[in-house]
Amino acid sequence: MKAGPNLYIGGGIILLVALLAIFAPLIAPYHPVTSANLMYAEEPPSMQFWLGTDEQGRDIFSRIAYGARISLFIGLAVQVMNTAIGVSLGLSAGYFGGWWDEFVQGLTGLMLSIPTIVFALALMAILGPGLPSLLIALGMTDWAYSCRISRAQVLTQKSLNYVQSARIIGFGPLHVMFRELLPNIAGPLIVVATMGVGSAIIAEASLSFLGLGVIPPNPSWGGMLSSAREQLMIAPWVAVFPGLALFVTVLGFNLLGDGLRDLLDPHGRTRR
Amino acid sequence: MLQLLLRRLAQAALTVFIVISLVFVLFSVIPGTFTSSLQADKRDVSQDVIERLEDELGLNDPLPVRFANYVTDLAQGDLGVSYATRRPVSDMLSGRIWASFKLACAAIFFAVCVGLPLGFIAAIRQGSWIDTAAMTFAVSGLSIPGFWAGLLLMYLFSLKLHLLPTFGYGSGGLSHLILPAITLGIAPMALLARTTRAAVLETLNADFIRTARSKGMSERRLVTRHLARNAFVLVLTTIGLQFGSMLGGSVVIEKLFAWPGVGSLLIDSVGLRDIPAVQGAILVIVLFFLLINTLVDLAYLVVDPRIRYN
Amino acid sequence: MSEPILDVRDLSVSLVGSGPPIGAVDRVNLTIGRGEVFGLVGESGCGKSLCALAIAGLLRQPMQVTGGQIMLGATDLATIPQRQMRRMRGDDVSMIFQEPMTALNPLMTVGDQIGEMFVLHRGLSRRAARKKAIEALDQVRVSSPERRINAYPHQLSGGMRQRVMIAIALACDPKLLIADEPTTALDVTIQAEIVELVLELCRAKGTAVMMISHDLGLVARICNRVAVMYAGQIVEERASAEIFNHPSHPYTRGLVDALPRLGRRLERGQRRLTEIAGVVPALHEFPEGCRFAARCPRVTSECTAASVPVTQLDGGGIVRCLHHV
């Protein structure tokens, strides 16, 4: 039980990204949207534009700083939704058993057989692009893993004394599930959720990259990359920096998850 | 054994049916999907053309009738007619399935060939710098967004080194396949390296490995005869799951590399709100997943006697 | 005693990590004669399994032999190169483990697992090894061995698997068999059968047995001599009848009193079975003086002052106690 370097490196990265997001208006030298100026289109990195400009002459660093807000917000919000759904279903399935358990397991298997991004694409097709649709499309499609883990954990803990005594004292199922069981199985779930934030950020970026996520001209890291392929030859910095921001942020969450696992789940119940 | 297989097939069939119904209901219950997509495109379509189209496509029938028709057609291999191209969806899919399948096979080949040895060496040399380097590489591979990795590879190997074509399918040869396959294989490769390392470490601690040591065999024989196969059994599920979800996972990569597969059809159709094509593409992706997982179950019957006889 | 087959001198095993090494087995001396049945007894964590693994050259990191000699005939197993140890392991020294359920490779037939011994040490072909494996299975009294040879471990019961383990261990007629709690995980009903089988086969092959157990009753019944280990040290070693009837070390005394015995009178007020109060100290908490002092009924201030030397007993054997009887 000791905190390894993963925990600190991951936590440090996320802290930096969070500071960038919070203080974006103070840090960013230009406005992310209205600073468009074709005079300065596709300028390479310089003292004036630290990370260069895009095809509309907008400062890439400023857009990355504001984009951190979207990535972090969506990553966290989506993961909160997924975890809430997964844990509620998994807890109740493990606790009640019977037909409800069968049903939840069937549903989980179904979710696993449709790749998250495909499911999200289908939902985006129906709901149309934009932030609310993104939240729904990503927040309701990636809960299968936390559901499986919490169910398996409940099954191993259900027969233990503290659960039995809470039942005998006369606490209702909701109290037993969320007040007694949940704190005892939280370790592995926190690990899964932390890594899930990383995947949610990638999923959002992918959808925005395809033009089906955050509506332009709002700065989203994925969206900034959507026109990068065509400019790869003349302005490679358009492709490099937003992707680097994505990579480092997701790496931060994955390292934090690894570090938390060493700390909270030494037996590797969430190993993957 | 046969019973197990039949149960698997029944489960898969049920899943397919549920997915079909789900996709159908999702796209049908939301009102005005088809007309609004025409209007959203700002096409100059008169009201009675829309009505005639809707009539022709059977969109005015009650929902249960439409569902029954859809399932009946599906059973006969008829996936409906694309709204956008007016061609049968099955025709549109047939060529693309091969392209996607080829890409998925190449990607899983890359992932297995790199990920397995990497995880294996990391576990055997646990705690050494090789282990640290391999696992740092793996966590980076898990964190890198595929489409960005693709952009970087494209920049390096096509634009700078001029070794490989940037994108497209070409004449279907190897040179166009390499970059998208590596891009698509990065994340599964990283995951496999981690899973393999964990599996080998778990196996190394198993009692039967101690028994094997007590027999007095060389490390080489210990690894090849006792360790590798047992560890591989633990990794097989992960390989199957990764391969199975590859058609879905390749959606973004196919779009980036303009690969004419099921994934890019799905994205284009989502943009056009071409419901029959979307339904067809999703169906193919889910069927592929279920097929691969059934094959993995069958593979377990071969490699693991504990399952063979139970 | 006949000419010794195994002579262990001052064997020390330590946990070698990043810090200073922590001693787990402390200068153990053991001598086992040709064909002798020798018992090593102690609670779990006393170091008896570590001794066994050290002798078989199977210690794994972070445990290491940090001193002493392990003479098997004229060879010192503690210092010979890996390659040579590997050749002797299974051929001259073999081992049976506690857990028959997990000790066999689940993906190999028992025939291949037994036959592997003949391939490794006798250079036989697979086909010839298979024939020998059938014989070996027959020797451990598995019925219809021609058929069972193709079975996988999960198809066999625990007792059956332990028979397969015995067949593997004795396949090459070793000079020494180390049996580490071979019956602990088995049903009581077949424990005696398995022990009898091991003894009988070893007698026939002239193999010496080092029987490791926490069950002093069992060991005293089947062994010529018994050594009792406590907290990494041998505290008493004598002929088994002596040790059972007249235990000299207070710890041995405690072990004997904890045994149920037919026809033993209970004194008024005595509990049916006595237990030894307290627990074995952890590795890093081994005290300076006598390691049993904290649980000992005869403890005095001298006991904890300095480490206790070994005393030779009149009737043969040794004891490590200042107040032995």
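**Chain C: fold, surface and cysteines**

Reader: How many helices and strands does chain C have?

Author: This is a predicted model. In it, the secondary structure of chain C comes to 11 helices and 12 strands.

Reader: What radius of gyration does chain C have, and what would a compact globule have?

Author: The C-alpha trace of chain C spans about 65 × 50 × 40 Å along its principal axes. For 325 residues, a compact globule would have a radius of gyration near 20 Å. Chain C agrees with this, at 21 Å.

Reader: What share of the residues in chain C is buried?

Author: A residue counts as buried when its relative accessible area is under 20%. Of the 325 residues in chain C, the buried share is 53%.

Reader: What is the accessible surface of chain C, and what part of it belongs to carbon and sulfur atoms?

Author: The accessible surface of chain C is about 15000 Å². The part that belongs to carbon and sulfur atoms is 50%.

Reader: Which cysteine sulfur is nearest to that of Cys51(C)?

Author: Cys51(C) is in no disulfide. The nearest cysteine sulfur is 8.0 Å away, and belongs to Cys46(C).

Reader: Is Cys51(C) buried or exposed?

Author: The cut-off for buried is under 20% relative accessible area. Cys51(C) has a relative accessible area of 1%, so Cys51(C) is buried.

Note on methods
Residues numbered from 1 in each chain as written. Chains lettered and ligands numbered in written order. Predicted model: local features only at pLDDT ≥ 70, side-chain atom pairs only at ≥ 80, totals over all residues. Heavy atoms only, no water. Helix = DSSP H or I, 4+ residues; strand = E, 2+ residues; numbered from the N terminus. Rg over C-alpha atoms; globule rule 2.2 N^0.38 Å. Buried < 20%, exposed > 50% of the residue type's maximum accessible area, 1.4 Å probe, protein only. Areas by Shrake-Rupley, 256 points an atom, 1.4 Å probe, with all protein chains shown as cover. Disulfide = S-S within 2.5 Å.
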